[in-house]
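Hi everyone, thanks for coming. Let me put the structure on the screen, and then we can walk through it together.

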Amino acid sequence: MNVQIKKAHRLSGTLQVPGDKSISHRALICAALAKGRSHILGLAHCEDVNSTIRCLQDLGAIVISGKTDTTVEGKGVLGFKKPAKILDAGNSGTTIRLLSGVLAGQPFESQITGDDSLRQRPMARIIEPLRSMGAQISGVDDQFAPLLFKPSTLKPALHRLKIASAQVKSCLLLAGLYAGATTVIEPAPSRNHTEIMLDYLGVPITVNGNMISVRKCDRIQSEIIRIPADISAAAFFMVAATIVPDSELMLKNVGLNPTRTGIIDVLKSMGAQIRLQNLRKWNNENIGDVLIRSSRLKGIKISGETIPRIIDEIPVLAVAATQAEGETIISDARELRFKETDRISATVENLTKMGCAIEARSDAMIIQGNQSLNGCSLMSFGDHRIAMSFAVAGLVADGTTTIWNVECCHISFPEFFEQLRSLVDG
Ligand code: S3P
């Protein structure tokens with residue numbers, strides 16, 4: 001399926017984007033590990049989260065998913081059963097990596113795999129540290145899914161991560177529930193939703209700077225968990241409302257966890273007008289409303305500890321950078337090459353096709369500003385965030401932009417085009 005986007009003259013409206021995907025995965029996994037009934041309000045209904053639901057059901061949890069209220073009958077930390085089939089994480093890196101931490105500690109054999117894209121993504125980053133905890137885990141060439149888990153008894157370990165990855169960190173913290181005394185030291189802070197949720201559900205977890213330690217836990221509380229709107233979904237509209245002239249947009253109940261708000265900080269340092277209002281907390285996660293007005297941007301340099309805080313927003317930030325005054329350099333971003341597609345290549349290829357001056361380095365992109373974009377025919381590369389980033393580019397391009405294979409938006413944001421249309425119509 002393709003979608004055609006025309007230049008927009010103004011965006012306006014108030015809306016709430018779907019529930020945070022990262023927090024949704026964690027809420028489901030923790031609720032399935034809890035004893036008794038949990039209620040998850042505002043769960044993201046998208047393919048990635050559905051993959052987590054299906055895997056948990058195959059492990060014996062009862063998940064009943066309603067439009068706004070999802071109930072989970074948890075089985076307890078040691079209550080899962082041997083799945084009758086190979087678990088399928090679909091396209092979801094978070095599903096396979098987080099669940100691997102749980103599967104490693106089970107007294108039964110299991111296997112987990114995913115689609116073509118997921119089977120090409122690096123898994124040595126979880127295989128090696130899980131093995132150091134005593135897990136009997138194997139993958140294709142010790143690097144890729146399918147992953148096979150043999151029954152193991154895990155032991156405590158200290159992990160010094162080489163890359164800032166919340167998926168790897170969360171995998172090891174979940175394994176720590178079975179191993180006891182597990183410490184993870186990150187090179188830079190990555191999203192900390194697992195830590196916040198485990199603490200909220202009564203698991204003994206301590207955080208000291210970049211060092212996180214979890215102890216063995218055989219009882220996780222069942223609770224009501226409210227899921228904030230996903231800042232990574234909101235990011236497409238934040239950039240759109242910034243670069244389309246005369247726009248004003250209000251996004252409600254957006255998750256504002258400081259490990260995720262890099263998109264707001266970066267846009268503000270580029271000159272965007274963004275105001276946060278009605279700040280409060282839901283189950284220890286910061287949330288608030290975000291008001292965005294269009295503004296002139298200037299190019300900047302982005303690197304280091306900011307990168308994990310904007311890791312999913314870099315393609316759409318690259319689109320924003322083409323409309324800024326001067327050059328933008330995004331470096332230290334090698335991890336982008338290991339996402340649903342190689343996002344450095346995909347972003348550079350599509351922006352070049354639209355007529356932009358942009359260069360790729362092994363871990364960086366150098367983007368020239370003040371570019372007028374030409375509408376043209378673009379690939380999504382089967383990557384939801386590439387499809388949505390280039391829909392935003394289409395709003396400021398001359399003529400019509402056609403984006404192919406947009407079904408992939410269902411991975412994280414099935415309502416994207418409908419919500420975008422409502423803003424164009426005002
Ligand atoms: C995620 C962490 C990030 C992010 C992904 C979701 C998570 O990956 O890119 O979309 O929910 O933990 P890494 O932290 O592994 O880079």
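Which polar backbone atom is 2.7 Å from an oxygen atom of the ligand? That one belongs to Ala166. A polar contact here is a pair of N or O atoms within 3.5 Å. Taken alone, the ligand exposes 380 Å², and the protein buries 96% of that; these areas come from the Shrake-Rupley method with a 1.4 Å probe.

Before I go on, a word on the source: this is a predicted model, where local features need pLDDT of at least 70 and side-chain atom pairs count only at pLDDT 80 or more, while totals for chains, interfaces and linings use all residues. Residues are numbered from 1 along each chain as its sequence is written, and side-chain values use heavy atoms, with hydrogens and water left out.

Now, the neighbours. Around the ligand we find Ser22, Arg26, Thr94, Ser165, Ala166, Gln167, Arg191, Ile311, Asp312 and Lys339, near meaning a heavy atom within 4 Å. By class, that shell has two nonpolar, four polar and four charged residues.

Why does the ligand lie between two domains? Domain 1 (2–19 + 228–423) and domain 2 (21–216) both give residues to its shell, so it lies between them; the bounds come from an automatic or database assignment.

Finally, two backbone details. The peptide bond from Ala145 to Pro146 is cis, with omega near 0°, and Pro146 is in strand β9 (residues 144–150).  Asn253, in strand β15 (residues 248–255), has a positive phi of about 55° although it is not a glycine.

Methods:
A polar contact is a pair of N or O atoms within 3.5 Å; within protein, one must be able to donate a hydrogen and the other to accept it, and residues adjacent in sequence count only if both atoms are side-chain atoms. Ala, Val, Leu, Ile, Met, Phe, Trp, Tyr, Cys and Pro count as nonpolar, Asp, Glu, Lys and Arg as charged, and the others, Gly among them, as polar. Helices (H or I, at least four residues) and strands (E, at least two) are DSSP runs, numbered from the N terminus.
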